[in-house]
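User: Hi! Could you walk me through this model?
Analyst: Happy to, here it is.
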Amino acid sequence: MKKLSLRTRVLTGAVAVAALGAGTFGAMSASASTPAAAPAAAIKADAANRNLQQTTHLTLAAATKAAQAALDAAKKENQRVSVAVVDRNGNTVLTLRGDGAGPQAYESAVKKAYTAVSWNAPTSELAQRLTNAPTLKDIPGTLFLAGGAPVQVKGAPIAGIGVAGAPSGDLDEKFAQAGVASLTK
């Protein structure tokens with residue numbers, strides 16, 4: 001067998017790589033343009049056979065309106081607070097840090113909102129429950145201090161509003177309730 005020159009071997013290798021690459025690209029293009037048939041189970045998923053569940057969530061515009069109303073209520077009383085709105089699943093939708101709010105206020109507001117939506121109750125009520133169930137406070141992400149209020153539709157929680165930074169939890173909760181009330185206007 002005759003030995004090929006270095007130049008011939010490099011050229012042959014380059015052609016082989018190019019051909020392989022073109023074949024792979026063509027196969028990928030063909031499979032990307034040809035949709036696969038949907039699994040039979042996916043076709044049956046509809047609300048009529050109870051495979052889906054509908055939930056209610058605040059829009060970003062509504063969450064912003066509520067947070068701004070809470071912040072405005074605090075400003076009227078010359079309080080420097082942070083406000084957080086979480087969705088039904090406890091995920092933060094938005095936070096507003098008022099001018100001059102303390103560094104702890106941000107995280108506290110988020111935790112109060114999370115706690116309120118998780119138990120569908122104002123956090124001032126939940127704080128009172130600690131007497132009978134002191135280990136509640138050990139649940140991660142929660143804060144059992146007044147200042148959180150649930151947003152409800154037909155009695156079910158769809159969001160939570162938390163306020164932190166005022167000198168008392170009662171004030172924080174008053175401002176959170178102002179946020180909730182703004183959604184009915």
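Analyst: One definition before we start: two strands pair if DSSP finds at least two bridges between them. Helices (H or I, at least four residues) and strands (E, at least two) are DSSP runs, numbered from the N terminus. This is a predicted model, where local features need pLDDT of at least 70, side-chain atom pairs count only at pLDDT 80 or more, and totals for chains, interfaces and linings use all residues. Residues are numbered from 1 along each chain as its sequence is written, and side-chain values use heavy atoms, with hydrogens and water left out.

User: Great. How many bridges join β1 to β2?
Analyst: Five, and the two strands run antiparallel. Within that pair, A84 sits opposite T95 of β2.

User: And what is the strand order in the sheet?
Analyst: The order is β2-β1-β4-β3, an open sheet of four strands with antiparallel pairing. β2 and β3 are the edge strands, each pairing on one side only. From one strand to the next, the twist averages 15 degrees.

User: Which strands does α4 touch?
Analyst: α4 packs on the sheet and touches β1, β2, β3 and β4, its direction making about 155 degrees with that of β4. Here, axes are lines fitted to C-alpha atoms, for helices over the stretch in contact, and angles run from 0 to 180 degrees between N-to-C directions. α6 lies across β3 and β4, at about 135 degrees to β4.

User: Which residues of α4 are buried?
Analyst: Among them are A105, A109, K112, A116 and V117. Buried means under 20% relative accessible area, with exposed over 50% and partly exposed in between (1.4 Å probe, protein chains only). Their cover includes α5 and α6 as well as the strands β1, β2, β3 and β4. Just after α4, N120 has a positive phi of about 55 degrees.

User: Switching topic: where is T123 found?
Analyst: T123 is in helix α5, which spans residues 123-129.

User: Is T123 buried or exposed?
Analyst: Buried, because its relative accessible area is 0%. Leaving aside neighbours within four places in sequence, its contacts (heavy atoms within 4.5 Å) include K112, T115 and A116, along with L143, G148 and E173.

User: What lies 2.7 Å from a polar atom of the T123 side chain?
Analyst: That is the backbone nitrogen of G148.

User: Last one: what about the whole chain?
Analyst: The protein chain has six helices and four strands, in the pattern α-α-α-β-β-α-α-β-β-α along the sequence. Of its 185 residues, 32% are buried.

Conventions. Polar contact = N/O pair within 3.5 Å; in protein donor to acceptor, adjacent residues only side chain to side chain.
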